[in-house]
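Subject: Handover of a structure

Dear colleague,

Please find the sequence and the structure below. A description of what was found follows directly after them.

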Amino acid sequence: MTTSTAIDPVTVEIIRNALNSAADDMNATLIRSAYTPIIYECGDCVVALLDADHQVLGQSAGLPIFLGNLETCTLATEQRFGREVWRPGDVWILNDSYLGGTHLNDVTIFGPVFVDETLVGFTASRAHWIDVGSKDPGGSMDSISIFQEGLRLGPQKLISGGVEERAVIDTIGTNVRFPYPTTGDMHAMMACIQMGERRLQEIVRRFGLETLELARDEIFRQTELLERAVIAKIPDGVYSAEGVLDNDGIDLDTPIPIRLRITVAGEHIDFDVTESADQTVGPVNCGVSQAVSALRVGYKLLVSPDLPGNGGSFRSMTTQVREGSVLGARSPAACQWYFSHLGLLIDMVARALAPALSDRVAGASHGDSMIILSAGTDPRVGRDFVSLEATVGGWGAWNGSDGESALINNVNGSLKDIPIEVHETRYPWRITQYRIRPDSGGSGRWRGGNGVVREYEAQTDMSVSLWFERSRQPAWGLFGGEDAVGPEVVINPGRPDERRILKINGLAVRKGDVVRCASGGGGGYGDPTERSADDVRADVLDHNITAQAARARYGIGD
Amino acid sequence: MGRYRVAMDIGGTFTDVVTYDQQSGTFAATKASTTPGNLSEGVLSGLDAVVDEPSGIDFLVHGTTQGLNAFLERRGVPVLLLGTAGVEDTYHIARGPRTRLYDLHYRKPTPLVPRRDVLGIGGRIAADGTELTPLDEDAVREAARRARADGHGAIAVAFLFSYRNPAHELRAREILHEELGDDVTVSISHEAAKEWREYERTSSAVVEAYTGPIVRRYLLDLENRLAGRGLRVPLHVMQSSGGILTAESARRRPLQTLLSGPVGGAIAGAELSRQTGRPNLIGIDMGGTSFDVSLIVDGEPDVSAEAQLEGLPMLMSVVNIHTVGAGGGSVAWAEAGGLRVGPRSAGARPGPACYGRGGTEPTVTDANLVLGRIDPDGFAGGQMTLDTGLAATAVDGLAEMFGMTTTAMAEGICDVANSKMAQAIRTITVSRGIEPRDSALVAFGGAGPMHAVFLARELGIAETVVPRFPGAFSAWGMLQTQIRQDWTEPYFFLDQDLDVADMAAQLARMERDGLAALEHEGVSGNRRSASHAVDIRYAAQEYTLTVPLTGADEPNDPDFLPSVAQRFADLHKNRYGHANLGAPIEFVTLRTAAFGDLGRPEPQKWPAATSADFPYEIRTVVFDGTGRDTIVARRDDLFVGHTFDGPAVVIEDTATTVVPPDYAVSVDDIGSLVIRRKDSL
């Protein structure tokens, strides 16, 4: 066995655990101090501890879509202002979509870490802010330029030499709709990176910088070795997949193709998405670094799901993203829904590599957040309300198990639905149906998970916006497993004014109107004729499929 | 009056029994084997070991794992679930989160009721409690027939907004009993958990229905057998909240006892905090396969209003126990040229290599044995002899891969395990907003005291306390508790809309109900008390904090609103690091806890040493890479006033305490070992 001789394995392992746990402490600080549920309950955040060369030393298992792109923020700052810009006691902020890659709501706060005048690293946190001053509260479905989407910052100093930049913080406060919780979340993020700073300083003081660097190299070497071993098992060759978004939310008739080409050579793997669509007028664009993150998530899900991420991760991986495409947006492309094609891309990585990693992949998932946003005045209390909900759906099956039903999509972390009792108490809606949608998962030897039906009856006049995706290409099956049924939203089902629609900004809804949202299922895996009759009958008993589907899809009668 | 107060803590392998002799004022601890097939047997034999005549018992409490085991092994009774028609899938949708984010193969926690056994029942209550659609009584009767035909042992009923208006749930239960007789278990959600959030409340009712009949049967059997042997006092049962209740009440509300097992340790920590004047404690309970951390903050155990078991939620008061994947059984292994310890455990079978049950991988217990930190003949009260040779062989295999000596590897395994446990404790304290340095560490469980001082060193904690009977600390804690019954009432009002007189009237009613219930528990009037609290949040926040009130009539105080807002802001600052006094706040839930004081044992003064000397031997134990002459003393030989320097090992029946070279030990006046750094003395 090859081990580094310059440092003993016990010290390496103690330092490895200390770095990972420093990141955990940062995450715990952020979650403990955050004001808004999207951070403290949904965990829509991520933290990282970096070394002085912007390599990841430790990272919490935060929102996957933010994986490994906090270092791009410190790097971009250094490239713009020079290495000498880093000063002890400074804290920086950035949310620029074309640097951070995401929409403006995702804000990164970071700072340098010094020990005795020496720059030893950086700490960084990113979290979703509920509002950054976009033209509509909480974000729009129909923005066509970044300038409609809110305040664009950075890189910019929030704290200089330990002193808060009051003017900057006031400017942020006056540009967002909910200044109190927003500045609260900002302070929580500052507390988080300061916790990371203390932890990294403690580690440097305890072990010495030289030992820390030796341990770091050994930790990175171990991670790289483990990842390379998995890639080496993938036969050399080209693996590709093509996916499509329904539209950009503005031009509803034009689909947006996303094309992925993976080339494996030995222990190296390259991801190329340059053939994807040009950037769009509507808000489905993202910056390059976010496309890289999505590809890394797809890679990590298949190659190293259980390894804590660090600077040794992704060393065997390269990416090609084209500037000016939907995955490499340039100013002033709108980026509010930056993640719809990223969720698709993550599913596509599994589809492309399915021939080589048949036991690790899964059929596609329902795929997007499936948003219903409503706003108006609640007549019961005479107060305005805004409600933003994601809808859960089905996930793909894999070799050995059916896919899960009614699960949040991959870019939304551990988001929970809003309980009906909370919803009806807070908002003037009645939820008349919330059930698992039978037959929506793709059939297969292993069946795709089902979506849900959630039906709302308006108790007053209000406005409703919708963002439901993946209807042109519902979740696909693998190895003979069938495709799932896609999403469907029906306004006033069965009434003369019945209307089907998936994306809209500000639809006027009247008291008594019904909005029935149905999310899609996940793809199946394997030939449905190989599914055992017992499993099919159990599915009928458990209402996962109807008796008709049992006959039609599996040839199993009662 | 009887002579003894007795507590029993039923663990997976052993039942710990602690008795307090009210005549002599002394405690005694013993162990009996747990009898998994029939837990009553183990309880009775444990009792026989310490008390001649059950009639001599004045007070008897036990923590049962009967319901928990049924849950964990999925041996509960088949449950039929009735939900509100149209939304009856709530239980299986389970709010839809993913808790492992890098998992393409994610499945939700397996629900206790399959979907085929969920029925939607017509009838709807609105958010304000008014009836929108009447209950479909025929559908309930049909459900009863289905339950009979399919052999469901229990029925859970969970309708929307039952916490605002329980009429449909109550009527459904009436019909089910009419159809199925009074013996069938019907658990209704607003009784299992009178709070909003339908998934969590439904899950609470389902867990109660699933485990309830088993807990009931067990308690009834045990009560009968104890009565048959002459026990004259009611049997008491530990609750997840840290309080106790009579077995009779526990049979009515079995959910409250589900997580009672590990709670005793936290209650014991609170009592130790009281007796020794240390407000903040971090309790570590380390066994063969588990490592549990509990916090005492300002003298109180850390309690929350929601618990999860294998991912399934329950709304009930529960003492927070943080389980960390570590323990004596954690396996050391190599990956890509790196050393790893855990999270995989060798468990009880095959267990560590030194158990001689076929395990070949080195574990933390093997490493401790190789270093001489465990007495091979005194493990688990001498009930087991450990094989040092097998341990050394296992550790040596790994040492060779890294080109290290066996002892260096053994110490490395312990160092890595200690650093991981310390980091886990640190993250728990950070989440709670506590600085570990401001607490003392209390070590219990068989393996806790072996690692505690190393953890204290990593965390910068000045004092480590090893109480008497560290292996039976939980049972000791159970002797210190009071009867507790919790009452909750949803109460949604923004501060600007609050009717303070109505709030006071609600609390007064809850206090009356609570005190009346204590009468059932056999608590006399002057020993009853009640405390009140209200859950508050900032308007539009999801999560609440429980803010204590001075009494049921506090809302009538003219300063009530500013004063409660200040209290909430203080708690918020303490818990979350910030607050916003003046922002609108929202009241969510009223809480009343009724307490019945059953008396508690006096702290037992431990005898003073008659001389500075005590018997010990010197053995070689490895610390910092070298074999050191180490004092090995018996706990029973140490008395108040004895002090000695590490390196040292203190052996007793239920645990081993390891003291590294730069630490010193003293014995306090209740017999605890107190271990501090030498240079701090």
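How many helices and how many strands are there in chain A? There are 12 helices and 20 strands in chain A, where helices (H or I, at least four residues) and strands (E, at least two) are DSSP runs numbered from the N terminus.

Before going further, please note the conventions. This is a predicted model, in which local features need pLDDT of at least 70 and side-chain atom pairs count only at pLDDT 80 or more, whereas totals for chains, interfaces and linings use all residues. Residues are numbered from 1 along each chain as its sequence is written, while chains are lettered from A and ligands numbered from 1 in the order in which they are written.

Chain A as a whole

The radius of gyration of chain A, taken over C-alpha atoms, is 24 Å, close to the 24 Å that the globule rule gives for 558 residues, so chain A is as compact as a globular protein of that length. The globule rule is 2.2 Å times the number of residues to the power 0.38. Along its principal axes, the C-alpha trace of chain A spans about 75 × 60 × 40 Å. Of the 558 residues in chain A, 60% are buried; a residue is buried if 20 or more other C-beta atoms, placed from the backbone, lie within 10 Å of its own.

Chain A is divided into domain 1 (9-224) and domain 2 (362-558), with bounds that come from an automatic or database domain assignment. The centres of the two domains, taken over C-alpha atoms, are separated by 35 Å. In domain 1 of chain A, 12 residues are in contact with 15 residues of domain 2 of chain A; contact requires that the C-beta atoms of two residues, placed from the backbone, lie within 7 Å.

A sheet in chain A

An open sheet of 4 strands in chain A has the order E8-E9-E10-E11, with mixed pairing; two strands pair if DSSP finds at least two bridges between them. Strand E8 (237-245) and strand E11 (317-320) of chain A stand at the edges with a single partner strand each, so one side of each is left without a neighbour in the sheet. Strand E9 (residues 256-265) and strand E10 (residues 268-272) of chain A pair in the antiparallel sense over 5 bridges. Val264(A) has Ile269(A) in E10(A) as its bridge partner.

The contact between the chains

The contact takes 54 residues from chain B and 61 residues from chain A. H12(B) gives the largest share of the side of chain B that touches chain A, 10 residues.

Details in chain B

Strand E24 (residues 528-538) of chain B runs antiparallel to E25(B), and 5 bridges join them. Strand E25 (residues 545-549) of chain B has a covered face with Leu545(B), Val547(B) and Leu549(B), and an uncovered face with Thr546(B) and Pro548(B). Asp535(B) stands opposite Thr546(B).

Leaving aside neighbours within four places in sequence, Tyr663(B) is in contact with residues including Val453(B), Gly646(B) and Ile675(B). Tyr663(B) and Ser419(B) are 244 residues apart in sequence and 18 Å apart in space, C-alpha to C-alpha.

Yours sincerely

Key: A residue is buried if 20 or more other C-beta atoms lie within 10 Å of its own, exposed if 12 or fewer, and partly exposed in between; C-beta atoms are placed from the backbone.
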